Amino acid sequence: MRKGKIDELSILGGTPYFTEPVPVGQFYMPEYSRYESALRDIFDRRHYTSQREQGPLIKQLEARLSEFFQVKNVICVSNATLGLIMLAEAMGLTGNVIVPSWTFIATAQSLYWNKITPVFCDIDIDSQHMALDDVEHILSRNAISGILGVNLWGGAAEVEQIELLAHQYGVQLYFDSAQAVGCEINDRKVGNFGRAEVFSFHATKIITATEGGAIATNDDELADKLRAMIYYDFKSPRNVKISKTFTARLSEIQAAIALMSLDDFENNRLNNKKLHDYYIDLLRSIPGFKIVSPQGVSKSNYTYCVIRVDESEFGLSRDEIWHVLRAENVLARRYFNPPIHQVEPFSNYQVDASLTKLGNTMKASQTTLQLPIGARVDRVAIEKIHQIIQLAYNDQIAIKNRLYH
Amino acid sequence: MNLSNEFSLFGNQPLFFEPKPLGCLYQPDIDKVLDYSKIFYKNKRYTNDGELTILLEKRLAKLHRVKHAIVFANGFLAILLTIKALALPGKTEVIVPSLAYRKLDDIIAWAGLIPRYCDIDLNTLTASVESIENSITENTALILVQNSSVGLVDINEIRKKAKKYGIPVINDSALFFGKTNNEMVGANGDAEIFLLNATKFINGFEGGYVTTNDDLLASTLATTRRFGFTREDNVDFGASLNAKLNEVHAASALAFLDNLDKYIINYKEQFMAYKNTLEGIEGIDFIGRIEDNGCYFRDMGMMILLTDKWLLTREETISLLNAEGILARNYYFPLHLKDVGYKRITALLPNTHTIHDRLINLPQGAHVSICDIYKICEFIKKIKIYESELKKQLRGMNNEER
């Protein structure tokens, strides 16, 4: 094999270009020596998790996140899905809530656990964010109690316009911002929009706690309800009442990892940006293989490299290039497929028969691809991925023959 | 009688400057935790069915002598997803004892079902078989029982009754780990729940697990705890969420299991110290229990019962203890008396009413030495000695405050 160049695609009989799998996901875990230091610290203090009230590192993390997001209240949770579940309960949401079908399945699952009926809206085909005219269409024709907005791919929905709509129709608004940690909209940090927002600190996100999440809100009463749900000894000065508790504590070691990860945030973000720009540079010349750049934000975390595959120009379909990449050990992903409105139990909900058939969502689910970006990828890796795609473009007939025989 | 020379509540120095907590807080060997951690650092997989999580499940299954152990982010989610998996479709009620973990009925409500409270047996403080049988209706979807801190559920009898109607049984064994009659406790209902929480026994920071011999249940739970994905890009169970355990917690739990016997021996020593030293104090019954042929652990197992020969109320007794840094606490508060926002069904629960406000849990675990236990017991004896004066002054104090 010629050094630095791929000879033959693995799917056509060559050996995989990458010897180790390259996954999609940030995976910026703080290095082992820092982790060891934090663990020893915790073992010295002998305080492992929050019991009746927040542990010391949780308190520290919440204070630092509050400063980072420029938000009054941050409540740490075990993961973003549980944060969304708790939030819908604390907000007292019932009935019908508008949510895009184009999001990670957990967004809709959080509604299911609160016995809320999701009313799916379509997306704008270019930005892949919620289509405002669709949202308004649904609001004007149905009894809606809330909107669960989603901020995707290191970008954001048109949150300020959605806020206006929510206000106009008198419905509650909150956001699944699992992917939007550290993003800014018109120089305001995501975390400040709607009544509350939920962030993820999963291993694949830019701030990690291995598993983790946080709810951000400027609404003190709402914050108190959430704390009362988690912490037994929490006494609210605002005398809030909760219907039922929940368990979603983050441990002290998870908090320690998140604190270190928060320290690394800007370095990681800048690294992401460099990698993202390099992808744009190299992929520029390939027809029908376009990066969906983060939209709607004045500052992005660049945590995703999202491609829209146009088969009529590229020659291969999204699924075909996915097979090619997989054979080379590039673990590209096809989020979100199948789209939520086609998955049970959500496919059984029928709110308004005249609603859009979610055409843009369907199209996106058939043409969107994510490439690796983060700690597991460097410039050399991106060059190799580019070579694979270039070769696939050149060899598309042979590939199609191979895939269908 | 000058109480201010004897009791911190009346101005004396506390017995313990560093409070003695109720939570066990046993610490695994840190070097073992780090060794396990090196594994996930090497393979760069920090969650999502990582190598340590899989290893932990295998070891727990082997330890409990069951086919399957499925781990979760915490016990609450373990119970929630198991209820969802087992509850009879179309039925609405879950029978649960009132004198039980304070969140059990909340979990039932999150599962979209209605708690129906039953009474306990005074000997074991677990759900009484008779009361369960009286609570079964045509709407019963599931029975949720719990091993108490002083007794084990009569699981064979309960299963017999439940089987007549095809009702599944889940046993929450967060408070008990170990053997009884040489049989390891686990998979004793259709499913049994245990914890990996630092305040309980196995210190995995936070976590929980289910033991079962039911293959279908095991595969369902492995799926519903990770959003319902049966394979990449394929969701089969929409009624799922994120209840995954991460590799760091798994590392800690594994390290703990490596030294299991050490903690069990410590438990027994503490138990015997309390039992022997509290012997013969009028008004106090030490009702903690050792299982026959057991090697085991009980959370909140150092339990005393105040009899009618004890002149102070439980609240007064606990105030005196807490003031000394002895963080004794009430046992469970009856669920049917709790203020909640969802529907539930109750009945007369005479045993629960008789006993619930006379139970106190005393400190145990890693922060408590045998010497500390002697001091705690001596202090309890002192309360008895000064009982009448304490009663007078405590109630006199309250009168003045009005």
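I began with L25(B), whose place is in the segment before α1 (30–43) of chain B. Helices (H or I, at least four residues) and strands (E, at least two) are DSSP runs, numbered from the N terminus. The model is predicted, so I kept to its limits: local features need pLDDT of at least 70, side-chain atom pairs count only at pLDDT 80 or more, and totals for chains, interfaces and linings use all residues. Residues are numbered from 1 along each chain as its sequence is written, chains are lettered from A and ligands numbered from 1 in the order in which they are written, and side-chain values use heavy atoms, with hydrogens and water left out.

**Backbone entries**

L25(B) is not a glycine, yet I find a positive phi of about 55 degrees there. L25(B) counts as buried at 6% relative accessibility; buried means under 20% relative accessible area, exposed over 50%, partly exposed in between (1.4 Å probe, protein chains only). K115(A), also not a glycine, has a positive phi of about 55 degrees. K115(A) lies in the loop between α4 and β4 (117–121) of chain A and is exposed, with a relative accessible area of 62%.

I then looked up cis peptide bonds. The bond from Y335(A) to F336(A) is cis, with omega near 0 degrees, and the bond from E344(A) to P345(A) is cis, with omega near 5 degrees. F336(A) is in the loop between β13 (330–331) and α12 (359–367) of chain A, and P345(A) is in the loop between β13 and α12 of chain A.

**Strand β5 of chain B**

I followed β5(B), residues 169–172: V169(B) and N171(B) point one way, I170(B) and D172(B) the other, and all are buried. β5(B) pairs with β4(B), residues 140–146, in the parallel sense over four bridges; two strands pair if DSSP finds at least two bridges between them. D172(B) is the bridge partner of Q146(B). Between β5(B) and β8(B), residues 191–195, the pairing is parallel over three bridges, and I170(B) stands opposite A191(B).

**T126(B)**

I placed T126(B) in the loop between β3 (114–118) and α5 (129–135) of chain B. T126(B) is buried at a relative accessible area of 2%. Leaving out residues up to four places away in sequence, T126(B) touches several residues, among them I120(B), D121(B), Q146(B) and L152(B); contact means heavy atoms within 4.5 Å. The side chains of T126(B) and T124(B) are joined by a polar contact of 2.8 Å. A polar contact is a pair of N or O atoms within 3.5 Å; within protein, one must be able to donate a hydrogen and the other to accept it, and residues adjacent in sequence count only if both atoms are side-chain atoms.

**Interface of chains A and B**

The contact takes 62 residues from chain A and 57 residues from chain B. About 5300 Å² is buried between the chains, 59% of it given by carbon and sulfur atoms; buried area is the accessible area (1.4 Å probe) that two parts lose on being put together, summed over both. F43(A), Y48(A) and W113(A) supply 15% of the area that chain A buries against chain B, more than any other three residues.

I found five salt bridges across the interface, taking a side-chain nitrogen of Lys or Arg within 4 Å of a carboxyl oxygen of Asp or Glu. E18(B) forms a salt bridge with R46(A), the closest N and O atoms being 3.9 Å apart. The largest share of the side of chain A that touches chain B, seven residues, comes from α1(A).
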